[in-house]
Amino acid sequence: MRIDCKHVWEHISAYIENDVDPQLRAEIDRHLETCEICSAVLDSTRNVVILMADDRVFELPAGYSERLHARIDRELEKPREDGTPQH
Amino acid sequence: MTAPNSEFEADCIRRILAGEKHLFHDLIRPCERSIYFLLYSLLKNEAEAEDVAQETVIKVYQNLDKFRGDSQFRTWVLSIARNEGLGRLRKITNRREDSLDAETDEQTGDYTPAILTSWREIPAEALEQKELGSLLRKAIEGLPEIYRNVVLLRDIEELDIRESAAVLGISEASVKVRLHRARALLQRNLAPQLKGFAPVKRRWFGGHA
């Protein structure tokens with residue numbers, strides 16, 4: 001069975017996740033070999049996914065961690081409120 | 001992101017509950033980035049996200065004896081963060097309407113991707129330029145909330161599908177559908193803009209100069 005471009009697009013995310021069954025994967029691979037457009041769509045989608053995982057894209061606000069741990073320190077100084085026995 | 005280590009976590013929790021409270025800093029540190037960005041994706045406001053992140057962490061500490069170990073610690077923590085974030089959202093009522101359409105729209109996918117053949121290489125070095133990061137952030141922030149959350153957990157904080165589903169309280173199948181929709185929207189939005197960033201020779205996995 002030949003699959004068309006639209007069919008490939010429907011499975012792009014799963015394909016990137018390696019979450020398509022081997023037969024479908026083989027069909028998609030065959031399609032990609034000859035379809036410049038789908039292979040570009042796959043590459044650009046994968047690029048977007050890779051870029052999003054880069055820590056430089058989403059940076060924590062300056063001082064976030066310091067303020068968080070200072071807040072934790074203030075909490076740790078208190079006795080535990082729930083009164084559960086320390087086991 | 002630091003890989004979760006359940007043995008370290010279980011040991012840490014035991015010792016914290018036995019009185020070594022200072023270990024809580026080490027226990028929560030691997031989660032703190034994900035907590036912030038999950039909340040940021042809900043609240044879209046840095047100050048609110050940071051404030052609720054602090055409340056979340058205190059809540060985690062106060063409820064540590066209730067963690068049963070039947071999920072990953074990080075999953076449990078992020079579920080608490082999400083609940084706290086939704087609570088805050090309810091208080092800020094008039095801000096967020098954008099998810100209403102998307103909630104019912106999950107299954108109807110007819111997505112035409114951006115068709116272009118000239119953008120193949122990852123412009124890794126362009127990430128040093130603030131501009132590229134800001135394009136990506138803007139695109140993600142522009143997604144409807146149900147897609148934004150999934151992208152945040154799976155693609156930005158790199159939780160697996162199962163963990164993402166557990167944090168959001170939805171099925172794994174839903175995570176996959178939403179992820180697919182989100183990535184398709186991002187590709188369509190971003191590919192035409194990102195191709196302007198000239199790729200430099202591949203050094204993605206290589207050392208830094």
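**Entry 1: R14(B) and D11(B)**

I started with the side chains of R14(B) and D11(B), which meet in a salt bridge at 3.7 Å, N to O. The model is a predicted one, and I read every value below as computed from it. I then looked up where the two residues sit. Both belong to helix α1 of chain B, residues 6-17, and being 3 residues apart they are separated by about one helical turn. I checked accessibility next. R14(B) is exposed, at a relative accessible area of 52%, whereas D11(B) comes out as partly exposed at 29%. The 52% of R14(B) counts as exposed because the cut-off for that class is over 50%.

**Entry 2: R74(B) and E163(B)**

I went on to a second pair in chain B. The side chains of R74(B) and E163(B) form a salt bridge, with 2.7 Å from N to O. R74(B) is in helix α5 and E163(B) in helix α9 of chain B, so this bridge ties together parts that are 89 residues apart in sequence.

**Entry 3: helices α5(B) and α9(B)**

I followed that pair to the two helices that carry it. Helix α5 of chain B covers residues 73-91 and helix α9 of chain B covers residues 161-168; their axes come within 8 Å and cross at roughly 35 degrees. I noted the crossing of α5(B) and α9(B) as right-handed. I then listed the contact residues. From α5(B) they are R74(B), T75(B), L78(B), S79(B) and R82(B), and from α9(B) they are E163(B), A166(B), V167(B) and L168(B). By class, the contact of α5(B) with α9(B) has 4 nonpolar, 2 polar and 3 charged residues. R74(B) and E163(B), the residues of the salt bridge, are both among the contact residues.

**Entry 4: R183(B) and D155(B)**

I looked up a third pair. R183(B) and D155(B) meet through their side chains in a salt bridge of 2.7 Å, N to O. The bridge links distant parts of the chain: R183(B) is in helix α10 (residues 172-194) of chain B and D155(B) in helix α8 (residues 145-156) of chain B, 28 residues apart. R183(B) is buried, with 3% relative accessible area, and D155(B) also counts as buried, at 3%. I then asked which residues are linked with this pair in a network of salt bridges. The network joins R183(B) and D155(B) to R154(B) and to E17(A). For the record, I have the count over all chains as 19 salt bridges.

**Entry 5: positive phi**

Last, I checked backbone angles. Most residues other than glycine have a negative phi, so I wrote down two exceptions.

- K44(B) is not a glycine, yet has a positive phi of about 55 degrees. I placed K44(B) in the loop between α3 (32-43) and α4 (46-62) of chain B. K44(B) is partly exposed, at 32% relative accessibility.
- E158(B), not a glycine either, has a positive phi of about 60 degrees. I found E158(B) in the loop between α8 and α9 of chain B. E158(B) is partly exposed, with a relative accessible area of 43%.

Definitions and conventions
Residues numbered from 1 in each chain as written. Chains lettered and ligands numbered in written order. Predicted model: local features only at pLDDT ≥ 70, side-chain atom pairs only at ≥ 80, totals over all residues. Heavy atoms only, no water. Axes fitted to C-alpha atoms, helices over the stretch in contact; angles between N-to-C directions. Helix = DSSP H or I, 4+ residues; strand = E, 2+ residues; numbered from the N terminus. Left-handed = near helix turned anticlockwise from the far one by under 90°. Contact = heavy atoms within 4.5 Å. Nonpolar A, V, L, I, M, F, W, Y, C, P; charged D, E, K, R; others polar. Salt bridge = Lys/Arg side-chain N within 4 Å of Asp/Glu carboxyl O. Buried < 20%, exposed > 50% of the residue type's maximum accessible area, 1.4 Å probe, protein only.
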